[in-house]
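This report covers a metal site, aromatic pairs and a record annotation in turn.

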Amino acid sequence: MPWCERCDRFLNPNTVQPDGTCPSCGRPIDPAAAAEGAEEDEQASVPWHFWVLVAGVVLYLGWRFVELLLWIAREWF
Ligand SMILES: [Zn+2]
């Protein structure tokens, strides 16, 4: 959580200015805290391997669905 020493308060990472300054006093935020905020932003965005996993699950479930349809067709018709 970004911390502004001059305002003596924690700042929401979303309210910190893009250049890393406090929206209230314009003073640069503690670099370590700012870096922490950037890390949180990175974690918030979805990593590429998540989509690989999603694609795999969709393909798997899609195949299981086709298998189910084939089984129903074989058993009931
Ligand atoms: Zn401030």
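Accessibility terms are used as follows: buried means under 20% relative accessible area, exposed over 50%, and partly exposed in between (1.4 Å probe, protein chains only). The model is predicted, with local features needing pLDDT of at least 70 and side-chain atom pairs counting only at pLDDT 80 or more, while totals for chains, interfaces and linings use all residues. Residues are numbered from 1 along each chain as its sequence is written, and side-chain values use heavy atoms, with hydrogens and water left out.

C4 (SG), C7 (SG), C22 (SG) and C25 (SG) coordinate the zinc ion at 2.2 to 2.3 Å; donors are N, O and S atoms within 2.8 Å of the metal (3.2 Å for Na, K and Ca). Along the chain, the donors are spaced C-x2-C-x14-C-x2-C. The arrangement is tetrahedral because the 4 donor atoms subtend angles of 104 to 115° around the zinc ion (four donors, all angles between 85 and 135 degrees).

The model has 2 aromatic pairs: rings of Phe, Tyr and Trp (its six-membered ring) with centres within 6.5 Å, called stacked with planes under 30 degrees apart, edge-to-face over 60 and tilted for the rest. W3 and F10 form an edge-to-face pair, 4.7 Å centre to centre with 65° between the planes. F50 and W51 are also edge-to-face, with centres 5.1 Å apart and planes at 75°.

| Residue | Relative accessibility | Class |
|---|---|---|
| W3 | 28% | partly exposed |
| C4 | 1% | buried |
| C7 | 26% | partly exposed |
| F10 | 54% | exposed |
| F50 | 36% | partly exposed |

An unreviewed UniProt entry lists residues 48-73 as "transmembrane region"; such annotations may be inferred rather than shown by experiment. Residues 48-73 are 100% helix and 0% strand, with their end C-alpha atoms 38 Å apart; helices (H or I, at least four residues) and strands (E, at least two) are DSSP runs.

Notes. Four donors count as tetrahedral if all angles lie between 85 and 135 degrees; four count as square planar and six as octahedral if opposite donors are over 155 degrees apart and all others between 65 and 115; anything else is irregular.
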